[in-house]
Every structure is written in C-alpha cells, then in structure tokens.
Amino acid sequence: MFFLRSNYRHPEFRVGMREFQGLAPGIAAWGLMTGVAMVKSGMGMVEALLLSVLVFAGSSQLAAVPLILAAAPVWVILATAFCVNLRFVIFSLHLRPYLAHLGRWQRLGHGYFTADLSYVLFIRRYSQPATDATGRKAQEAYLAGNDMVNWLAWVSCSVAGVFLANLIPQQWGLGFAGILCLVGILCSLASTRLRVLSAVVAGAAAVASYALPLKLNILVAIAAAVAACVAVEKLAPTRAEAALP
Amino acid sequence: MSMPDWHTVLVIVGLTLVTVLARGFFLISDKAWTLPHWVQRALQYAPIAALAAVVVGGIGAPKKRPGHRERGSPPHAPHE
C-alpha cells in the first residue's frame with residue numbers, strides 16, 4: 001500500500017509511479033466519465049463522491065447506481081456488483097504468490113488498491129514472484145507505486161466529474177478516450193505469439209458475448225483466451241513459445 | 001450539498017466491502033498453498049486477455065444511446 005513508508009521510500013516505488021504515468025490519462029478520462037454519469041443519472045453528490053472514493057471500481061459503480069436509484073433490494077445490488085467485479089477474483093489468484101509473505105490485512109490492502117491497469121502493469125514487469133526478501137520488497141513497492149498513481153488519477157478525476165457534471169456533455173466520449181489510452185499497453189503486452197492469440201481470442205469472445213448481462217462478457221473472454229492458449233501450448237509447445245520477430 | 005440518505009450510505013459501504021472481497025478473494029486465506037503449475041502458466045495469458053476484452057468490447061460494441069444515430073445511417077433505420 002502506497003501510504004506505508006517502507007513502500008514509498010523504496011526506489012521501485014518511483015519506477016512504478018513513472019511507468020503508470022502513461023496510463024493515468026486513461027484512468028482520468030474514465031474517472032471523469034464515471035463521476036459525470038453518476039450525477040447525471042440522478043445520484044446525490046455526497047453519495048456519488050462516496051461511491052468513487054470508497055468503492056473505487058468504476059464498472060461496479062455504474063452498475064450499482066441505477067439499482068440504488070430504483071431502490072432494489074440490497075443483496076441484488078451487492079450481488080450485481082460482485083458479478084461485475086468477477087475478473088478481479090482471477091487477478092487476486094494471480095497476485096497471491098507475490099503477496100503471500102505479507103499479513104492478511106496487508107494482502108487485502110494491496111488487493112483493494114490494485115485495479116485492472118495496476119495489475120496488468122505489475123505482471124508485465126514481474127512475470128514471476130520474487131524468491132528472496134529483497135526481491136519481494138521491490139515488487140511490493142513497485143505495485144504500490146502503480147496503485148498510487150492509479151488511485152490519485154481516479155479519485156481526483158471522478159470527484160471533478162461529480163462537481164462538473166452539469167458542465168461536461170456526455171457526448172464527449174470520455175469512455176472512448178479512456179479505452180484508446182489502453183491500446184498502447186495492449187501492444188506492449190503482445191510479446192509472444194500466444195499472447196497475441198490470447199488478445200485476439202479475448203477480443204472476439206468479448207464482442208460475441210456482448211449481450212451477456214453484468215459485463216460477464218469480460219469473464220467469458222478471459223476464460224476463452226486462457227483456454228485457447230493453454231490448448232495451443234499443449235499441442236505445439238515449442239512454436240508457441242517463440243517470441244515475435 | 002444535501003444530506004445523504006443513510007440507507008444509500010450503508011449500501012455504499014456494502015459495495016466497498018464487495019470491492020475488497022473481489023479484489024482480495026484469493027488473498028484472504030492464511031493457509032500456505034501454491035498454485036498448480038498449469039494454473040500458473042494459464043494465468044500468464046490473463047492480463048492481456050482482460051485488457052483486450054475491455055478494449056475490443058468497448059470499441060467493437062459501443063452502447064446504444066437513446067436518440068443517437070450512427071452517422072450515414074438513414075434517418076429511420078431501425079437499430080439492429
């Protein structure tokens with residue numbers, strides 16, 4: 001967590017911050033869009049601010065707002081949010097070996113602050129968990145650096161979106177701008193043939209299953225892509241490993 | 001700013017716990033266990049898949065906006 005001295009004093013913390021900076025505009029655009037959308041759909045300002053600062057998960061916030069306004073039963077709202085968040089469950093499985101040496105509250109703290117892009121960036125830099133204490137500390141500090149820039153960009157811009165909701169037209173296409181910021185990192189991840197395959201299968205599956213509710217198409221896409229890559233790895237292990245020219 | 005509705009505030013606290021539960025799902029247990037090798041290999045493909053799904057899903061199938069018309073489509077063309 002970025003507010004712990006042992007993290008923010010570590011040199012890897014700055015590296016994590018620096019590497020996340022390129023993605024901050026995307027998070028900022030999303031945060032702004034989410035803030036505007038919550039207020040425009042009729043959420044009170046205090047409630048919208050609390051949603052952004054505490055819940056800290058754009059897609060589940062946007063899924064919850066209409067249900068809150070429609071006075072849906074609490075369990076329906078919470079279950080919906082959990083379904084929209086299911087991809088994070090997979091991320092937490094991936095992060096476990098990196099954080100297993102920490103105490104439970106620290107693990108959960110890191111988990112809470114690690115959203116999509118900080119997870120992606122972290123795994124890109126560290127494809128394997130460290131084996132010694134020094135390495136583990138460095139990885140933790142890097143993750144915290146990612147998380148801090150992500151958190152600051154998200155919170156500041158969604159708060160701005162809540163206050164400026166009536167000045168910002170939704171036609172600006174802020175969500176689209178946010179997505180465009182991700183294309184660069186998507187390309188940087190596509191370093192092996194199998195990863196390209198993963199991206200292609202995931203993209204196709206996400207569109208094909210777009211009609212599913214609760215953003216479950218994202219989950220279907222991850223499952224399809226991972227299954228396809230594992231299958232190809234089994235069938236043609238040497239060719240699959242080859243890096244792109 | 002008006003006073004918040006306390007029921008909504010409680011729901012928001014619940015949603016915060018949902019975020020913690022989802023993002024920390026496999027971080028909760030204290031028991032030492034390691035992932036099977038094949039799961040570790042499989043997870044290598046998860047980040048790019050998640051990102052591609054978000055990007056392509058966002059561009060390839062944008063949400064319909066009420067009253068919004070695709071440029072170039074005839075005025076009364078039914079959507080889909």
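Predicted model: local features only at pLDDT ≥ 70, side-chain atom pairs only at ≥ 80, totals over all residues.
Residues are numbered from 1 along each chain as its sequence is written, and chains are lettered from A in the order in which they are written. Local features need pLDDT of at least 70, side-chain atom pairs count only at pLDDT 80 or more, and totals for chains, interfaces and linings use all residues, while side-chain values use heavy atoms, with hydrogens and water left out.

Q: How many helices and strands does chain A have?
A: Helices (H or I, at least four residues) and strands (E, at least two) are DSSP runs, numbered from the N terminus. Read along the sequence, chain A shows the pattern α-α-α-α-α-α-α-α-α-α-α-α-α-α. The count for chain A is therefore 14 helices and 0 strands.

Q: What radius of gyration does chain A have, beside that of a compact globule?
A: The radius of gyration is taken over C-alpha atoms, and the globule rule is 2.2 Å times the number of residues to the power 0.38. With 245 residues, a compact globule would come near 18 Å, and the value for chain A agrees with this. The radius of gyration of chain A is 19 Å.

Q: What share of the residues of chain B count as buried?
A: Buried means under 20% relative accessible area, exposed means over 50%, and partly exposed lies in between (1.4 Å probe, protein chains only). In chain A, 51% of the 245 residues count as buried. Of the 80 residues of chain B, the share is 39%.

Q: Which residues of α9(A) are buried?
A: Helix α9 of chain A covers residues 116-125 and is mostly covered, with 8 of its 10 residues buried. These are D116(A), L117(A), S118(A), Y119(A), V120(A), L121(A), F122(A) and I123(A).

Q: Which residue forms a salt bridge with R125(A)?
A: A salt bridge is a side-chain nitrogen of Lys or Arg within 4 Å of a carboxyl oxygen of Asp or Glu. In this pair the closest N and O atoms are 3.0 Å apart. R125(A) lies in helix α9 and its partner in helix α2 (residues 11-21) of chain A, so the bridge ties together parts that are 113 residues apart in sequence. The partner, buried at 11% relative accessibility, is E12(A).

Q: Why are E140(A) and K137(A) separated by about one helical turn?
A: E140(A) is buried at 4% relative accessible area, whereas K137(A) is partly exposed at 24%. Their salt bridge has its closest N and O atoms 3.2 Å apart. The two residues are about one helical turn apart because they lie 3 residues apart in helix α10 (residues 133-163) of chain A.

Q: Which residue of chain A meets R41(B) in a salt bridge?
A: The N to O distance is 2.6 Å. The pair crosses between chains, from helix α2 (residues 37-43) of chain B to helix α13 of chain A. The residue in chain A is E233(A).

Q: Which residues of chain B does E47(A) touch?
A: E47(A) lies in helix α4 (residues 45-55) of chain A. E47(A) is buried yet has no salt bridge, the nearest side chain of opposite charge, K40(A), being 18 Å away; here Lys and Arg count as positive and Asp and Glu as negative, with His and the chain ends not counted. Contact means heavy atoms within 4.5 Å. Not counting residues up to four places away in sequence, E47(A) touches P4(B), D5(B), T8(B) and I12(B).
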